[in-house]
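Please keep the sequence and the model in view while reading.

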Amino acid sequence: LLTVQLFAQITPAPSPRKIQIAILFDTSNSMDGLIDQAKSRIWNIINEMSNLRHNGQSPTIEIALYDYGNSTVAATSDYVRQQLPFSTDLDLISQKLFALSTNGGNEYCGAVIQKSLTDLSWSADNGDLKLIYIAGNEPFNQGPISYKESCALAKTKGVLISTIFCGPYDEGVRTFWQDGATCSGGDFFNINSDQAITYISTPYDSL
């Protein structure tokens, strides 16, 4: 009995699950009419994640932020810029997200997805939830790097890509935003300026 009690004292509790989210945000001028709504939806997703529980424990949430399609970023970087690597500082994340502004426009979804997959320190634990949310409104297949290639890389890392098309649903389907999500097992949804935003379920909802 004493041995069991001592073992219980020294055996650590299971570590909390980790949720890693990379936010990829189109900051080209074509986003002018919807950028504030898109920022709010992204922040709602972050808040939803912070309320999740697994076995009664709150997961550790790490969030990274990139913007893409902005002409202030060098063309040699495919107009992709890391605003923040994985961080648990929600105040800093909020500050960076809501400070994003638009300028110019060459929006390469495949390039920004690949950049986030190769730059960030993604967890190797299959029990952790690894997500990319990419928001924008230009065709998903633009740029020098195929989004299908980036999706294949995401699958090898266990990362789900969900796409947020800022415009009509049917247009998002036609311009490959839906395919950009389904190719990695993620979700596709859209934001219209005159419509309510759909809720996105997560793999943790059933836990």
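At 39% relative accessibility, Y169 counts as partly exposed, where buried means under 20% relative accessible area, exposed over 50% and partly exposed in between, for a 1.4 Å probe and protein chains only. The model is a predicted one, in which local features need pLDDT of at least 70 and side-chain atom pairs count only at pLDDT 80 or more, while totals for chains, interfaces and linings use all residues. Residues are numbered from 1 along each chain as its sequence is written, and side-chain values use heavy atoms, with hydrogens and water left out.

- Y169 lies in helix α6 (residues 169–174) and F188 in strand β6, so their pair ties together parts that are 19 residues apart in sequence. Helices (H or I, at least four residues) and strands (E, at least two) are DSSP runs, numbered from the N terminus.
- The ring centres of Y169 and F188 are 5.0 Å apart and the planes stand at 55°, so this pair is tilted. Rings of Phe, Tyr and Trp (its six-membered ring) pair if their centres lie within 6.5 Å; planes under 30 degrees apart count as stacked, over 60 as edge-to-face and the rest as tilted.
- F188 counts as buried, at 13% relative accessibility.
- How many aromatic pairs are there by this rule? The count comes to eight.
- Another pair is formed by F140 and W177, whose ring centres are 4.7 Å apart with planes at 65°, so it is edge-to-face.
- F140 lies in the loop between β4 (129–136) and α5, and W177 lies in helix α7, so this pair ties together parts that are 37 residues apart in sequence.
- Both F140 and W177 are buried.
- A cluster linked by ring pairs is made up of F140, Y147, F165, F176 and W177.

**The sheet**

- Six strands form an open sheet of mixed pairing, in the order β3-β2-β1-β4-β5-β6. Two strands pair if DSSP finds at least two bridges between them.
- Strands β3 and β6 stand at the edges, each with a single partner strand, so one side of each is left without a neighbour in the sheet.
- On average, neighbouring strands of this sheet are turned by 15° against each other, direction ignored. Axes are lines fitted to C-alpha atoms, for helices over the stretch in contact, and angles run from 0 to 180 degrees between N-to-C directions.
- Strand β1 (residues 18–26) is joined to β2 by nine bridges, and the two run parallel; K18 stands opposite T60 in β2.
- From β1 the chain crosses through helix α2 (residues 35–50) to β2, a β-α-β crossover that is right-handed. The term right-handed applies if, with the strands pointing away from the viewer, the path from the first strand over the helix to the second runs clockwise.
- Five bridges join β2 to strand β3 (residues 80–87) in the antiparallel sense, and Y66 stands opposite Q82 in β3.
- Eight of the nine residues of β2 (residues 60–68) are buried, so this strand is largely enclosed by the rest of the structure.
- Strand β5 (residues 159–166) pairs with β6 in the parallel sense over four bridges, and the bridge partner of F165 in β6 is N190.

**Helices across the sheet**

- Helix α2 lies across β1, β2, β4, β5 and β6, and runs at about 180° to β1. Contact means heavy atoms within 4.5 Å.
- Helix α5 lies across β4 and β5, and runs at about 140° to β5.

**Cysteines and the disulfide**

- The structure holds one disulfide, a term for a pair of cysteine sulfur atoms within 2.5 Å.
- The disulfide is formed by C151 and C183, with their sulfur atoms 2.1 Å apart.
- C151 lies in helix α5 (residues 147–157) and C183 in the loop between α7 (177–182) and β6 (188–191), so the pair ties together parts that are 32 residues apart in sequence.
- C151 is buried, with a relative accessible area of 1%.
- C109 is also buried, with a relative accessible area of 1%, and C166 counts as buried at 4% relative accessibility.

**A buried loop residue**

- L100 lies in the loop between α3 (90–98) and α4 (109–119), and counts as buried at 7% relative accessibility.
- Leaving aside neighbours within four places in sequence, L100 is in contact with F25, T27, I35, K39, L65, D67 and Q83.
- The C-alpha atoms of L100 and D67 are separated by 7.9 Å, although these residues are 33 apart along the chain.
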